[in-house]
Amino acid sequence: MLDIYFVQQIINGLSIGLVYALMAIGFTLIFGVLNVVNFAHGEVYTVGAFVGLLLITWVAPPLLVVVLAALAVGAVTGVGLERIAFKPFRRFRDEASLRSRAMREATLLSSLAASIVAREVMTLVFGAHMQTIPQAYLLQRPIAIGPLSITNGDVVIFGASLAMLAALQFMLFRTRIGLSIRAVSNSPMGARFVGIDTDRAIIATFAIGSMLGAAAGILVGLYDGTITPQMGFAPGIKAFVAMVMGGLSSIPGAVICALILGVAESVTTDFLASGWKDLVAYAFLIVTLVFFPQGIFGVGRERA
């Protein structure tokens, strides 16, 4: 007989995994274009949540408007982050500098510094305590499907995530800016030689990746009912693990691994105390680094 509780856990895990997938795509897009990890991506997630809360508190618009506002502010935040933390390290355009390990490490530290500063600023502005979402906007209304019980939050996260993932695929394969991003990801020097504006493609990459991260932040905030300035750290780590598992620059790989990670976390609570579920991501990371150093879906471009 099918264990209803186990099926419930899988559904919950898929919902969590889709949130990780939205964040992991941001990591993957930026790594694919610049070959560096953006460790400030978790703070973009947090910014999206707080922007949504402020809009709900001040204006109380429809839910769709809240999500669209988070997308817009996420794009602006991503562009600002790129200008402050990444662009100064792109003033050297020769191939040796682009492949330089020192340049990548400096950029990584720059993004980490931006992450710490952003988190501390949000703590000073909003306080370190939890901020609650107004009851009318909570995505916690139960929906019965036979013996299963899910919430409208699960439905909203599924629908919004799938819509954004579909829009991303259309953009990457059917639009001019998407083709430019893929060209720069494949070869920055080659893209520049054929006349592609690489700077514009990089800015677009940060904007798109940050939009997805900010949307994930507000969706999780509405689902959980509380947000904090530190809320982006744990999902950011897990999205990073999904990116590494997926092969660093593979968007389908990152999405699939994010779903695996979310389901594994959810199912783990059947066998261990819920406090142990956060160790699942680190266990997957260790296994990947030991047995799949180029990621499960890696193509040999870079060792994790």
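1. Let's start with a definition. On a 1 Å grid over the protein atoms alone, a pocket is an open set of points where a 1.4 Å probe fits, with protein on both sides within 12 Å along at least five of seven lines; lining residues have an atom within 4 Å of a point. Grid points are joined across faces, edges and corners, and the volume is the space filled by probe spheres set on those points. With that in hand, the second largest pocket here holds about 530 Å³ of space. It has 19 lining residues, and those closest to its centre are Tyr 20, Tyr 45, Val 220, Asp 224 and Pro 235.

2. A word on what you are looking at. This is a predicted model, where local features need pLDDT of at least 70 and side-chain atom pairs count only at pLDDT 80 or more, while totals for chains, interfaces and linings use all residues. Residues are numbered from 1 along each chain as its sequence is written, and side-chain values use heavy atoms, with hydrogens and water left out.

3. Which elements each supply at least two residues of the lining of that second largest pocket? They are α1 (4-34), α9, β4 (226-227) and α10 (233-246). The largest share, four residues, comes from α1. About those labels: helices (H or I, at least four residues) and strands (E, at least two) are DSSP runs, numbered from the N terminus.

4. Take α1 next. The helix has 31 residues and reaches 45 Å from its first C-alpha to its last, close to the 45 Å expected at 1.5 Å a residue. (The expected span is 1.5 Å times one less than the number of residues.) α1 is mostly covered, with 24 of its 31 residues buried. Buried means under 20% relative accessible area, exposed means over 50%, and partly exposed is in between (1.4 Å probe, protein chains only). Just after α1, Asn 35 takes a positive phi of about 65°.

5. Now α9, which covers residues 198-224. At the start of α9, a side-chain oxygen of Asp 197 comes to within 3.3 Å of the backbone nitrogen of Asp 199. After the helix comes Gly 225, with a positive phi near 95°.

6. Have a look at the hairpin. Strands β2 (residues 142-145) and β3 (residues 148-151) run antiparallel and are joined by four bridges; two strands pair if DSSP finds at least two bridges between them. Ile 145 stands opposite Leu 148, and Ile 143 stands opposite Ile 150. Two residues sit between the strands, and Gly 146 in the turn has a positive phi of about 65°.

7. Thr 46 is worth a click. This residue is in helix α2, and it counts as buried because its relative accessibility is 0%. A polar atom of its side chain lies 3.2 Å from the backbone nitrogen of Gly 232. Not counting residues up to four places away in sequence, Thr 46 touches Met 122, Thr 228, Pro 229, Met 231 and Gly 232; contact means heavy atoms within 4.5 Å.

8. Is Glu 265 buried or exposed? Glu 265 is buried, because its relative accessibility is 2%. Its place is in helix α11 (residues 251-268). Leaving aside neighbours within four places in sequence, Glu 265 is in contact with Ile 16, Tyr 20, Lys 238, Lys 277 and Val 280.

9. Two loop residues other than glycine have a positive phi. Ala 60 has a phi near 55° and lies in the loop between α2 (41-58) and α3 (63-86). Leu 248 has a phi near 75° and is found in the loop between α10 and α11. Ala 60 is partly exposed, with a relative accessible area of 48%, whereas Leu 248 is buried, with 5%.

10. Finally, Val 290. This residue lies in helix α12 (residues 279-291) and is exposed, with a relative accessible area of 55%. How far apart in space are Val 290 and Pro 147? They are 41 Å apart, C-alpha to C-alpha, and 143 residues apart in sequence.

Definitions and conventions:
A polar contact is a pair of N or O atoms within 3.5 Å; within protein, one must be able to donate a hydrogen and the other to accept it, and residues adjacent in sequence count only if both atoms are side-chain atoms.
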